[in-house]
Amino acid sequence: MIFNTMMFMIWFSVWILLSWPIEIKDVISGILVALFVMFMTTGVMGPKDLSGRKNISLLGYLGRAMWFVCYVFVFLWECLKANIDVAYRVIHPDLLIRPGTIRIRVSLKSDIGLTFLASSITLTPGMTTIDIDKVNGVLYVHKLYIKDDDRKLAVVDKFEHILSRIFE
Amino acid sequence: MKKTRYIAGLITIVAIAIIILFCPISSIIRWQSEFLGRAFLWLILSAFMCLFRIMRGPTAPDRIVAIDMLGILIVGFCAILSIPTGRDWYIDIGIAWALQSFIGIMALSKYLEGKDFDE
Amino acid sequence: MNEAIGSVLIVIGLAFDFFGCLGLIRFPDVYTRLQASAKCITLGTCGIILGLVCYKGFGATSIKALLCLIFIVLTAPVSAHALARAAYRSGVKPWAGTVVDDYSEDMDKIK
(Lines give C-alpha, C1' and ligand atoms only; values in the text may rest on other atoms or scores of the structure.)
Protein backbone atom coordinates (compact mmCIF):
# COMPACT_ATOMS: atom_id res chain seq x y z
CA MET A 1 0.00 0.00 0.00
CA ILE A 2 2.76 2.41 0.91
CA PHE A 3 4.63 1.34 -2.22
CA ASN A 4 1.61 2.03 -4.42
CA THR A 5 1.08 5.44 -2.85
CA MET A 6 4.71 6.31 -3.39
CA MET A 7 4.66 5.26 -7.03
CA PHE A 8 1.45 7.28 -7.52
CA MET A 9 3.12 10.36 -6.04
CA ILE A 10 6.15 9.93 -8.33
CA TRP A 11 4.11 9.59 -11.53
CA PHE A 12 1.77 12.42 -10.54
CA SER A 13 4.67 14.77 -9.84
CA VAL A 14 6.26 13.89 -13.18
CA TRP A 15 2.99 14.76 -14.94
CA ILE A 16 2.63 18.03 -13.02
CA LEU A 17 6.23 19.05 -13.74
CA LEU A 18 5.85 18.30 -17.45
CA SER A 19 2.78 20.55 -17.71
CA TRP A 20 4.13 23.20 -15.37
CA PRO A 21 1.80 26.24 -15.40
CA ILE A 22 -0.83 24.22 -13.52
CA GLU A 23 -4.53 24.47 -14.25
CA ILE A 24 -7.36 22.41 -12.83
CA LYS A 25 -7.66 20.24 -15.96
CA ASP A 26 -4.00 19.27 -15.65
CA VAL A 27 -4.53 18.07 -12.07
CA ILE A 28 -7.57 15.95 -12.97
CA SER A 29 -6.00 14.34 -16.02
CA GLY A 30 -2.79 13.86 -14.04
CA ILE A 31 -4.59 11.91 -11.32
CA LEU A 32 -6.26 9.67 -13.92
CA VAL A 33 -3.04 9.00 -15.85
CA ALA A 34 -0.98 8.42 -12.68
CA LEU A 35 -3.53 5.88 -11.38
CA PHE A 36 -3.46 4.06 -14.72
CA VAL A 37 0.35 3.97 -14.87
CA MET A 38 0.57 2.87 -11.24
CA PHE A 39 -1.68 -0.14 -11.83
CA MET A 40 0.22 -0.98 -15.00
CA THR A 41 3.67 -0.86 -13.40
CA THR A 42 3.18 -2.48 -10.00
CA GLY A 43 3.17 -5.81 -11.78
CA VAL A 44 6.67 -5.11 -13.05
CA MET A 45 8.36 -3.25 -10.22
CA GLY A 46 6.07 -4.16 -7.36
CA PRO A 47 6.08 -6.75 -4.55
CA LYS A 48 5.95 -9.73 -6.91
CA ASP A 49 9.68 -10.25 -7.28
CA LEU A 50 10.80 -8.16 -4.32
CA SER A 51 9.82 -10.39 -1.45
CA GLY A 52 9.19 -8.57 1.80
CA ARG A 53 8.47 -5.29 0.07
CA LYS A 54 5.01 -5.15 1.67
CA ASN A 55 6.25 -5.22 5.25
CA ILE A 56 8.50 -2.21 5.05
CA SER A 57 7.37 0.57 7.34
CA LEU A 58 7.36 4.26 6.56
CA LEU A 59 10.58 4.67 8.54
CA GLY A 60 12.22 2.03 6.39
CA TYR A 61 11.32 3.98 3.27
CA LEU A 62 12.77 7.12 4.84
CA GLY A 63 16.06 5.33 5.52
CA ARG A 64 16.09 4.08 1.95
CA ALA A 65 15.59 7.62 0.68
CA MET A 66 18.59 8.78 2.74
CA TRP A 67 20.72 6.00 1.26
CA PHE A 68 19.49 6.98 -2.20
CA VAL A 69 20.74 10.55 -1.74
CA CYS A 70 24.10 9.13 -0.62
CA TYR A 71 24.09 6.90 -3.73
CA VAL A 72 23.48 9.89 -6.02
CA PHE A 73 26.50 11.77 -4.64
CA VAL A 74 28.83 8.75 -4.81
CA PHE A 75 27.61 8.11 -8.35
CA LEU A 76 28.25 11.69 -9.50
CA TRP A 77 31.81 11.66 -8.14
CA GLU A 78 32.63 8.30 -9.76
CA CYS A 79 31.06 9.43 -13.04
CA LEU A 80 33.22 12.55 -13.18
CA LYS A 81 36.38 10.53 -12.44
CA ALA A 82 35.47 8.00 -15.15
CA ASN A 83 34.94 10.68 -17.75
CA ILE A 84 38.26 12.35 -17.08
CA ASP A 85 39.93 8.94 -17.28
CA VAL A 86 38.31 8.12 -20.64
CA ALA A 87 39.13 11.57 -22.04
CA TYR A 88 42.79 11.06 -21.07
CA ARG A 89 42.87 7.67 -22.80
CA VAL A 90 41.29 9.11 -25.95
CA ILE A 91 43.77 11.94 -26.44
CA HIS A 92 46.84 9.90 -25.54
CA PRO A 93 48.93 9.16 -28.67
CA ASP A 94 49.40 5.46 -27.86
CA LEU A 95 45.72 4.74 -26.97
CA LEU A 96 46.29 3.23 -23.53
CA ILE A 97 43.87 0.30 -23.79
CA ARG A 98 43.97 -3.41 -22.93
CA PRO A 99 40.32 -4.38 -23.38
CA GLY A 100 38.66 -7.62 -22.34
CA THR A 101 35.53 -9.09 -20.78
CA ILE A 102 35.59 -10.40 -17.21
CA ARG A 103 33.19 -11.98 -14.74
CA ILE A 104 32.22 -10.20 -11.55
CA ARG A 105 30.33 -11.97 -8.76
CA VAL A 106 27.49 -9.98 -7.20
CA SER A 107 25.18 -10.83 -4.34
CA LEU A 108 22.20 -8.61 -5.22
CA LYS A 109 19.01 -10.53 -5.95
CA SER A 110 16.24 -8.11 -6.94
CA ASP A 111 15.64 -7.05 -10.54
CA ILE A 112 15.64 -3.31 -9.89
CA GLY A 113 18.80 -3.52 -7.80
CA LEU A 114 20.62 -5.42 -10.54
CA THR A 115 19.45 -2.92 -13.15
CA PHE A 116 20.70 0.01 -11.11
CA LEU A 117 24.01 -1.75 -10.47
CA ALA A 118 24.50 -2.50 -14.18
CA SER A 119 23.62 1.05 -15.20
CA SER A 120 25.91 2.67 -12.66
CA ILE A 121 28.74 0.32 -13.66
CA THR A 122 28.24 1.39 -17.28
CA LEU A 123 28.66 5.06 -16.38
CA THR A 124 31.63 4.62 -14.01
CA PRO A 125 35.33 3.86 -14.55
CA GLY A 126 36.19 2.00 -17.68
CA MET A 127 33.46 -0.63 -17.73
CA THR A 128 30.32 -1.58 -19.64
CA THR A 129 27.94 -4.30 -18.55
CA ILE A 130 27.34 -6.80 -21.32
CA ASP A 131 25.16 -9.45 -19.75
CA ILE A 132 23.65 -10.54 -16.45
CA ASP A 133 23.41 -14.15 -15.33
CA LYS A 134 20.75 -13.86 -12.69
CA VAL A 135 20.76 -17.51 -11.63
CA ASN A 136 24.43 -17.64 -10.61
CA GLY A 137 24.71 -13.96 -9.75
CA VAL A 138 27.40 -13.11 -12.29
CA LEU A 139 27.85 -9.83 -14.15
CA TYR A 140 29.79 -9.90 -17.42
CA VAL A 141 31.69 -6.66 -17.81
CA HIS A 142 33.75 -5.22 -20.66
CA LYS A 143 36.66 -3.29 -19.22
CA LEU A 144 38.82 -0.78 -21.03
CA TYR A 145 42.10 -1.39 -19.19
CA ILE A 146 42.55 -4.75 -17.51
CA LYS A 147 45.05 -5.17 -14.70
CA ASP A 148 45.96 -8.62 -13.51
CA ASP A 149 44.04 -8.70 -10.22
CA ASP A 150 40.71 -7.47 -11.51
CA ARG A 151 38.28 -10.20 -10.47
CA LYS A 152 37.06 -8.19 -7.49
CA LEU A 153 36.68 -4.47 -7.90
CA ALA A 154 36.42 -1.84 -5.18
CA VAL A 155 33.97 0.34 -7.12
CA VAL A 156 31.54 -2.51 -7.63
CA ASP A 157 31.74 -3.41 -3.94
CA LYS A 158 30.96 0.17 -2.96
CA PHE A 159 27.91 0.40 -5.24
CA GLU A 160 26.72 -3.03 -4.17
CA HIS A 161 26.93 -2.10 -0.50
CA ILE A 162 24.83 1.02 -1.03
CA LEU A 163 22.32 -0.59 -3.39
CA SER A 164 21.73 -3.55 -1.07
CA ARG A 165 20.62 -1.04 1.57
CA ILE A 166 18.17 0.54 -0.89
CA PHE A 167 16.59 -2.29 -2.85
CA GLU A 168 16.91 -5.49 -0.79
CA MET B 1 52.50 4.96 -39.91
CA LYS B 2 50.42 5.19 -36.75
CA LYS B 3 52.26 8.29 -35.63
CA THR B 4 51.77 10.07 -38.94
CA ARG B 5 48.04 9.38 -38.80
CA TYR B 6 47.90 10.76 -35.27
CA ILE B 7 49.74 13.93 -36.25
CA ALA B 8 47.57 14.43 -39.34
CA GLY B 9 44.42 14.09 -37.26
CA LEU B 10 45.76 16.46 -34.62
CA ILE B 11 46.59 19.11 -37.23
CA THR B 12 43.13 18.78 -38.85
CA ILE B 13 41.30 19.12 -35.56
CA VAL B 14 43.40 22.06 -34.38
CA ALA B 15 42.78 23.81 -37.71
CA ILE B 16 39.02 23.30 -37.45
CA ALA B 17 39.09 24.46 -33.82
CA ILE B 18 40.92 27.66 -34.79
CA ILE B 19 38.41 28.30 -37.56
CA ILE B 20 35.52 27.81 -35.14
CA LEU B 21 37.02 29.94 -32.37
CA PHE B 22 38.18 32.90 -34.48
CA CYS B 23 35.90 33.13 -37.51
CA PRO B 24 33.70 36.27 -37.83
CA ILE B 25 30.64 34.56 -36.39
CA SER B 26 28.17 37.43 -36.68
CA SER B 27 28.04 37.07 -40.42
CA ILE B 28 26.99 33.40 -40.13
CA ILE B 29 24.64 33.20 -37.15
CA ARG B 30 22.77 36.34 -36.07
CA TRP B 31 22.31 35.71 -32.37
CA GLN B 32 22.81 38.15 -29.52
CA SER B 33 25.45 36.04 -27.84
CA GLU B 34 28.61 35.30 -29.75
CA PHE B 35 29.67 32.59 -27.26
CA LEU B 36 26.55 30.51 -27.94
CA GLY B 37 27.08 30.73 -31.68
CA ARG B 38 30.59 29.31 -31.32
CA ALA B 39 29.31 26.61 -28.94
CA PHE B 40 26.72 25.65 -31.56
CA LEU B 41 29.40 25.35 -34.25
CA TRP B 42 31.52 23.20 -31.92
CA LEU B 43 28.56 20.85 -31.35
CA ILE B 44 28.12 20.62 -35.11
CA LEU B 45 31.76 19.48 -35.32
CA SER B 46 31.00 16.67 -32.83
CA ALA B 47 27.93 15.66 -34.85
CA PHE B 48 30.02 15.47 -38.01
CA MET B 49 32.42 13.11 -36.25
CA CYS B 50 29.47 10.83 -35.44
CA LEU B 51 28.39 11.04 -39.08
CA PHE B 52 31.90 10.01 -40.12
CA ARG B 53 31.56 6.83 -38.04
CA ILE B 54 28.13 6.14 -39.57
CA MET B 55 29.68 6.46 -43.02
CA ARG B 56 32.82 4.41 -42.37
CA GLY B 57 31.72 1.84 -39.76
CA PRO B 58 32.80 -1.63 -40.87
CA THR B 59 29.93 -3.49 -39.18
CA ALA B 60 26.29 -2.78 -38.46
CA PRO B 61 26.69 -2.36 -34.64
CA ASP B 62 29.25 0.42 -35.23
CA ARG B 63 26.70 2.40 -37.17
CA ILE B 64 24.00 1.81 -34.59
CA VAL B 65 26.30 3.03 -31.79
CA ALA B 66 26.94 6.20 -33.76
CA ILE B 67 23.20 6.69 -34.37
CA ASP B 68 22.52 6.32 -30.65
CA MET B 69 25.14 8.90 -29.77
CA LEU B 70 23.82 11.28 -32.45
CA GLY B 71 20.39 10.99 -30.83
CA ILE B 72 21.79 12.09 -27.47
CA LEU B 73 23.75 14.92 -29.12
CA ILE B 74 20.56 16.27 -30.71
CA VAL B 75 19.08 16.77 -27.24
CA GLY B 76 22.11 18.98 -26.56
CA PHE B 77 21.41 20.87 -29.81
CA CYS B 78 17.85 21.53 -28.65
CA ALA B 79 19.07 22.73 -25.24
CA ILE B 80 21.56 25.17 -26.76
CA LEU B 81 19.08 26.44 -29.38
CA SER B 82 16.48 27.31 -26.76
CA ILE B 83 18.73 29.86 -25.00
CA PRO B 84 19.41 32.57 -27.64
CA THR B 85 16.21 32.18 -29.64
CA GLY B 86 14.01 32.35 -26.54
CA ARG B 87 11.71 29.63 -27.81
CA ASP B 88 11.04 27.33 -24.86
CA TRP B 89 9.41 24.55 -26.85
CA TYR B 90 12.79 23.41 -28.17
CA ILE B 91 13.30 21.50 -24.91
CA ASP B 92 9.99 19.69 -25.52
CA ILE B 93 11.44 18.53 -28.81
CA GLY B 94 14.47 17.33 -26.85
CA ILE B 95 12.38 15.21 -24.47
CA ALA B 96 10.40 13.67 -27.34
CA TRP B 97 13.60 12.99 -29.29
CA ALA B 98 15.23 11.25 -26.31
CA LEU B 99 12.19 8.98 -25.84
CA GLN B 100 11.92 8.16 -29.52
CA SER B 101 15.63 7.47 -29.91
CA PHE B 102 15.67 5.12 -26.90
CA ILE B 103 12.79 3.06 -28.28
CA GLY B 104 14.39 2.97 -31.71
CA ILE B 105 17.73 1.76 -30.35
CA MET B 106 16.05 -1.00 -28.33
CA ALA B 107 14.19 -2.17 -31.45
CA LEU B 108 17.39 -2.10 -33.53
CA SER B 109 19.35 -4.09 -30.96
CA LYS B 110 16.60 -6.70 -30.71
CA TYR B 111 16.72 -6.96 -34.49
CA LEU B 112 20.50 -7.42 -34.44
CA GLU B 113 20.22 -10.14 -31.84
CA GLY B 114 17.83 -12.01 -34.12
CA LYS B 115 15.02 -12.45 -31.64
CA ASP B 116 11.31 -11.78 -31.64
CA PHE B 117 9.88 -8.80 -29.82
CA ASP B 118 7.80 -10.77 -27.34
CA GLU B 119 10.72 -11.73 -25.11
CA MET C 1 26.70 35.77 -12.60
CA ASN C 2 24.25 33.06 -13.62
CA GLU C 3 25.34 33.43 -17.22
CA ALA C 4 28.99 32.98 -16.24
CA ILE C 5 28.29 29.72 -14.39
CA GLY C 6 26.10 28.56 -17.28
CA SER C 7 28.85 29.32 -19.79
CA VAL C 8 31.41 27.35 -17.78
CA LEU C 9 29.04 24.35 -17.58
CA ILE C 10 28.33 24.53 -21.32
CA VAL C 11 32.06 24.62 -22.10
CA ILE C 12 32.68 21.54 -19.91
CA GLY C 13 29.78 19.75 -21.61
CA LEU C 14 31.06 20.62 -25.09
CA ALA C 15 34.54 19.37 -24.19
CA PHE C 16 33.23 16.01 -23.00
CA ASP C 17 30.98 15.70 -26.07
CA PHE C 18 34.01 16.32 -28.25
CA PHE C 19 36.13 13.71 -26.43
CA GLY C 20 33.30 11.17 -26.74
CA CYS C 21 33.07 11.69 -30.49
CA LEU C 22 36.86 11.54 -30.79
CA GLY C 23 36.74 8.18 -29.00
CA LEU C 24 34.08 7.07 -31.46
CA ILE C 25 36.58 7.73 -34.26
CA ARG C 26 39.83 6.58 -32.67
CA PHE C 27 39.01 3.35 -30.81
CA PRO C 28 39.47 0.06 -32.65
CA ASP C 29 36.27 -1.98 -32.13
CA VAL C 30 32.58 -1.70 -31.25
CA TYR C 31 32.85 -2.32 -27.52
CA THR C 32 35.56 0.22 -26.78
CA ARG C 33 33.78 2.79 -28.94
CA LEU C 34 30.57 2.12 -27.09
CA GLN C 35 32.31 2.67 -23.76
CA ALA C 36 33.95 5.95 -24.62
CA SER C 37 30.95 7.48 -26.30
CA ALA C 38 28.28 6.27 -23.87
CA LYS C 39 30.10 7.73 -20.87
CA CYS C 40 31.39 10.97 -22.32
CA ILE C 41 28.37 12.00 -24.38
CA THR C 42 25.96 11.36 -21.52
CA LEU C 43 27.95 13.58 -19.15
CA GLY C 44 28.49 16.19 -21.87
CA THR C 45 24.80 16.53 -22.66
CA CYS C 46 24.05 16.70 -18.94
CA GLY C 47 26.53 19.59 -18.68
CA ILE C 48 24.85 21.45 -21.54
CA ILE C 49 21.41 21.00 -19.97
CA LEU C 50 22.67 22.21 -16.58
CA GLY C 51 24.11 25.24 -18.33
CA LEU C 52 20.68 25.89 -19.86
CA VAL C 53 19.15 25.68 -16.37
CA CYS C 54 21.67 28.25 -15.07
CA TYR C 55 20.88 30.59 -17.97
CA LYS C 56 17.11 30.40 -17.63
CA GLY C 57 16.71 30.43 -13.85
CA PHE C 58 13.85 28.62 -12.12
CA GLY C 59 10.82 28.15 -14.33
CA ALA C 60 8.88 25.81 -16.60
CA THR C 61 11.77 25.38 -19.07
CA SER C 62 14.28 24.50 -16.35
CA ILE C 63 11.99 21.88 -14.83
CA LYS C 64 11.43 20.25 -18.21
CA ALA C 65 15.16 20.35 -18.88
CA LEU C 66 15.92 18.63 -15.57
CA LEU C 67 13.35 15.92 -16.35
CA CYS C 68 15.03 15.46 -19.73
CA LEU C 69 18.41 15.11 -17.94
CA ILE C 70 17.08 12.43 -15.57
CA PHE C 71 15.58 10.59 -18.52
CA ILE C 72 18.85 10.62 -20.46
CA VAL C 73 20.87 9.40 -17.46
CA LEU C 74 18.40 6.55 -16.92
CA THR C 75 18.16 5.40 -20.54
CA ALA C 76 21.64 5.87 -22.02
CA PRO C 77 23.33 3.02 -20.07
CA VAL C 78 20.40 0.70 -20.75
CA SER C 79 20.66 1.20 -24.49
CA ALA C 80 24.46 0.81 -24.32
CA HIS C 81 23.99 -2.50 -22.49
CA ALA C 82 21.46 -3.72 -25.05
CA LEU C 83 23.73 -2.75 -27.94
CA ALA C 84 26.80 -4.45 -26.46
CA ARG C 85 24.87 -7.65 -25.86
CA ALA C 86 23.33 -7.59 -29.33
CA ALA C 87 26.72 -7.02 -30.94
CA TYR C 88 28.22 -9.98 -29.06
CA ARG C 89 25.29 -12.23 -29.95
CA SER C 90 25.32 -11.22 -33.61
CA GLY C 91 28.89 -12.43 -33.87
CA VAL C 92 31.04 -9.30 -33.99
CA LYS C 93 34.50 -10.35 -32.85
CA PRO C 94 36.37 -8.21 -30.30
CA TRP C 95 39.55 -6.40 -31.27
CA ALA C 96 42.70 -8.51 -31.80
CA GLY C 97 44.45 -6.96 -28.79
CA THR C 98 41.82 -8.20 -26.33
CA VAL C 99 43.48 -9.74 -23.27
CA VAL C 100 40.83 -11.97 -21.67
CA ASP C 101 37.44 -12.90 -23.05
CA ASP C 102 35.32 -14.62 -20.42
CA TYR C 103 31.98 -13.78 -21.98
CA SER C 104 32.36 -15.67 -25.25
CA GLU C 105 33.22 -18.81 -23.25
CA ASP C 106 30.00 -18.59 -21.25
CA MET C 107 27.75 -17.10 -23.92
CA ASP C 108 25.86 -20.24 -24.83
CA LYS C 109 25.07 -21.14 -21.23
CA ILE C 110 23.08 -17.98 -20.57
CA LYS C 111 19.65 -17.55 -22.04
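Definition first: I build patches from residues with over 30% relative accessible area and no salt bridge, joining like charges within 9 Å and nonpolar side chains (Val, Leu, Ile, Met, Phe, Trp, Tyr) within 5 Å. Accessible areas come from the Shrake-Rupley method with a 1.4 Å probe, and for residues only the protein chains shown count as cover.

Ground rules: this is a predicted model, where local features need pLDDT of at least 70 and side-chain atom pairs count only at pLDDT 80 or more, while totals for chains, interfaces and linings use all residues. Residues are numbered from 1 along each chain as its sequence is written, chains are lettered from A and ligands numbered from 1 in the order in which they are written, and side-chain values use heavy atoms, leaving out hydrogens and water.

**Entry: surface patch**

I found a nonpolar surface patch of about 450 Å², made by F68(A), V69(A), V72(A), F73(A) and L76(A). I looked up V72(A) and it sits in helix α3 of chain A, residues 58-91 (helices are DSSP runs of H or I, at least four residues; strands are runs of E, at least two; both are numbered from the N terminus). V72(A) counts as partly exposed because its relative accessibility is 32% (buried is under 20%, exposed over 50%, partly exposed in between, with a 1.4 Å probe and protein chains only).

**Entry: cores**

A nonpolar core is a set of buried Ala, Val, Leu, Ile, Met, Phe, Trp, Tyr and Cys residues joined through side-chain atoms within 4.5 Å. Which members of the largest one touch the most others? They are L73(B), I10(C) and I49(C), out of 77 residues. Apart from that core lies another of 20 residues, I104(A) and F167(A) among them.

**Entry: salt bridges**

I count a salt bridge when a side-chain nitrogen of Lys or Arg is within 4 Å of a carboxyl oxygen of Asp or Glu.

E78(A) and K81(A) make one at 3.9 Å, N to O. They are three residues apart in helix α3 of chain A, so about one helical turn separates them. Is E78(A) buried or exposed? Buried, at 2%, whereas K81(A) is partly exposed at 40%.

Next I checked R85(C) with D131(A), whose closest N and O atoms are 2.8 Å apart. R85(C) is in helix α3 of chain C and D131(A) in strand β2 of chain A, so the pair joins two chains. D131(A) is buried at 3%.

R89(C) also bridges to D131(A), at 3.1 Å. Salt bridges with shared partners link D131(A), E113(B), R85(C) and R89(C) into one network.
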